[in-house]
Amino acid sequence: MDLRKFKDTFSTLSIRLSLVFVNTLAFVIAIILYIKAKPILVKVSLSHLLFSTSWHPIRGDFGFFPFIIGTLGVTAIAMILAVPVCLLSAIYLSEYAHKRFRAFVRLVVDILAGIPSVIYGLCGVIAIVPLVRFLGQAIGSPTTGYSLLAGGIILAIMVAPVIISVALEVFRTIPQAARENSLALGITTWEMIKHVILRSSLHGIIAAIVLGFARAFGETIAVLMVVGNVAKIPDSFFAPAYPLPALIANNYGEMMSIPLYDSALMFSALLLMLVVGGFSLAAHIILLRIERRGYA
Amino acid sequence: MPHISLKNLSIAYGHHRVLQDVTVNIPDKQITVIIGPSGCGKTTLLKSLNRLLDLNEDVKVTGDVLIDGVNTYDGNADILALRKKMGFLSQRPYPLPMSIYENIAFGPKVHRMSKDRIVQQINDLEGRMVQVPSKKNGQMDILVESYLRLAGLWEEVKDRLHTPASRLSIGQQQRLALARALAVEPEAILADEPTSALDPLSAQLIEKQFKFLKKNYTIVVVTHILRQARRIADYVIFLYLGELVEHGPAEKVFDNPSDERTRAYVSGEIS
Ligand SMILES: Nc1ncnc2c1ncn2[C@@H]1O[C@H](COP(=O)(O)OP(=O)(O)OP(=O)(O)O)[C@@H](O)[C@H]1O
Ligand SMILES: [Mg+2]
C-alpha cells in the first residue's frame, strides 16, 4: 500500500509548513515593529536616534545612546566574565572529566538554563547587589550596588549554561580518532587540546559565544532588577545604567500620552530584535555548517 | 631481548573481561600480524602497547607490557616517551586540522627537536630511502620531504604541501598518518586495520610501505583480512575470544597450525 509513502509526504509537508510558519512569524513581527516605528523614523534621523545622548521624551527628544551603551556595557561585562570560564569548563568536562561527572554537569546546566530569569533577578538583588555595594565601598567608589557591574555579573551567570552546553556539544562531536591520533605522537593532553581540539572547533566556539551574546543582549527582567535604570551614560562600573530591554519593559504602556513615545520604544525594540536575530542566525548558520562538513 | 614483550596481560572493560593472560614476545624488525574474529580483543591488545587504552574509562589492566624492559603499566612509567616510541595508525586516518606540511612538522616541533637532532635524523634517513630528498630550504623542509618520501606520498603532494591535509583522499591520509608517526622517530609502528577504510590500490601501497619499513622498525598490524595477513606477516598472533590461542612464525601458523581453532580460522571455516 501507499500508506507509508503518504505518511512520508505528509510528515515532510508538515515539517516544512511549521518551519515556514515560524520563520514567517519572525518576519511579521519585524514588519509590525517597523510599521509602528515608522512615525519616529520619518521625523528624526537614524543617526540622531542612535547617537544622541539627550533623552527628554516630553520635549520629543529621543536619543537612545545611553541605552545602547547600557546594553553594550552589561553585555560586554557578561561576556568578558563568562567566556573564558565557560570555555575552560567545557574543555574540562569534555577532555578531562569522567563521563558520569560530565553527564551530571550536563543535567545541572540544563536545569540552570531553564530557571526563569525573574529568579535570577531575585538572586541578583539578594546577593549580587550587596556584593557590588561592598566591592565599591572597598575600593572607594560608593555605590548603591544597583549598577552596570551587577547587571553584567547576573548576565554572565545567565549566559554560562548556554555557552557551556554549546561548547561542550561542539567538543564532543570531534571524533575520538582525533584524540588517539594526536596523543599517539607522545604529546600532552594540553598540547592536544590546544593544537587539535580547539583548532578543529574554532567555528563552533565562535557560535557558542555568539549564542551567549544574543542571549545576554536581549535579556530583560533579571537585568532590569539589578542595573539601577538611570538614563545616563554610566561613568564607572559601579554607576547605574539603563539597557534597552529594561527601558521598553519599564515604560511601554505607561507614558503613552507623550507623542511619539510609543513609536520610539518600537524603534528600540526593532533594533534589539535585529541585533539579536542577526547574531542568532549567524551562530546557527555556523553550527549547521559544522554539522554538514564534519571535522575532517 | 625483544623490545616489546607481554607477560600475563589481562584487560577488562569494567566487568567485561576482554583479554586473558596473554604472554608473547613481539619480534624486532619484523611485521607481526594480529588476527582473530571481530570482538576478540585485537584493538584492545594493540592499544595496550602505547597506552591509548587509557582514553577509555573503566579499563582495568593486569600483567606487564614491557617496552625495552620497562613495564609501561608501572605507575611512574613515562607515558609520553612511550607513545613517542610507538607510532600509531588508526583504522580511519585522521589528519590533524592543519596543512600537509604542518602535519609532519607538528611532532618534531611539539617535541622541540633541536636543529642538530633534525640534521642527524635526516642523515640517518638518507640511508633508508630509495630517493634522497632534494636539498633546498631549511632543515624542517628537508625533514618533511624525507618523511613524505619514506611514506611513499611525496610525489603526490609535493605541489600542495600547504593546503589542508583534510583534502587528501583517505588512502593518502593514511600514508600521511604514517609519515606523521615516523617523524617523531618511533621504534615501532602499531597499525589497527590500517587499510580497512582504503581502496585496494591504496591498501597495496600501505602494505608495500610496511614491507619496506620493517628493515628499521618493528611493525605490529591488526587485520581481519586473512589474505593481507598472509601477504605481509612474518609473525602471527591469533586471538580467539580474548585468549591467545597461537603465535609463531607466519609459515608455521598458516601452513601447519598446532591448534584446531587456528586451523579452522586460517582455512576460513570460522570468521
Ligand atoms: N570502550 C569499551 N568499553 C567497553 N567494552 C569495550 C570497549 N572497547 C571494546 N570493548 C569490548 O571489548 C571486546 C574487544 O574489543 P576490540 O575492539 O579489542 O575487538 P577487535 O578484535 O578489535 O574487534 P574488531 O575486529 O571488530 O575491531 C569487544 O567485546 C568489545 O565489545
Ligand atoms: Mg578492532
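What pattern does chain A follow, read along the sequence? I read it as α-α-β-β-α-α-α-α-α-α-α-α-α-α. This is a predicted model, so I noted the limits: local features need pLDDT of at least 70, side-chain atom pairs count only at pLDDT 80 or more, and totals for chains, interfaces and linings use all residues. Residues are numbered from 1 along each chain as its sequence is written, chains are lettered from A and ligands numbered from 1 in the order written, and side-chain values use heavy atoms, with hydrogens and water left out.

**Chain A overall**

I counted 12 helices and 2 strands in chain A. Here helices (H or I, at least four residues) and strands (E, at least two) are DSSP runs, numbered from the N terminus. The C-alpha trace of chain A spans about 70 × 65 × 30 Å along its principal axes.

**Helix α3 of chain A**

I looked up α3(A) (residues 65–96) against α4(A) (residues 99–114): their axes come within 8 Å and cross at roughly 145°. Axes are lines fitted to C-alpha atoms, for helices over the stretch in contact, and angles run from 0 to 180 degrees between N-to-C directions. Y92(A), L93(A) and S94(A) of α3(A) meet F101(A), R102(A) and V105(A) of α4(A). Contact means heavy atoms within 4.5 Å. I sorted these residues into 4 nonpolar, 1 polar and 1 charged. Ala, Val, Leu, Ile, Met, Phe, Trp, Tyr, Cys and Pro count as nonpolar, Asp, Glu, Lys and Arg as charged, and the others, Gly among them, as polar.

Next I checked α9(A) (residues 202–218), whose axis comes within 10 Å of that of α3(A), crossing at roughly 140°. Among the contact residues are T71(A), M79(A) and L87(A) of α3(A), and I205(A), G212(A) and F217(A) of α9(A). That contact has 9 nonpolar, 3 polar and no charged residues.

**Ligand 1**

Which residues are around ligand 1? My list includes Y13(B), H16(B), V18(B), N56(B) and E193(B). A residue is near if one of its heavy atoms lies within 4 Å. The shell divides into 3 nonpolar, 7 polar and 2 charged residues. α1(B) gives the most, with 3 residues.

I then noted polar contacts, pairs of N or O atoms within 3.5 Å. An N or O atom in the side chain of S38(B) is 2.5 Å from an oxygen atom of ligand 1. A polar side-chain atom of K42(B) lies 2.7 Å from a ligand 1 oxygen. For G41(B), a backbone N or O atom lies 3.0 Å from an oxygen atom of ligand 1.

Terms used:
Polar contact = N/O pair within 3.5 Å; in protein donor to acceptor, adjacent residues only side chain to side chain.
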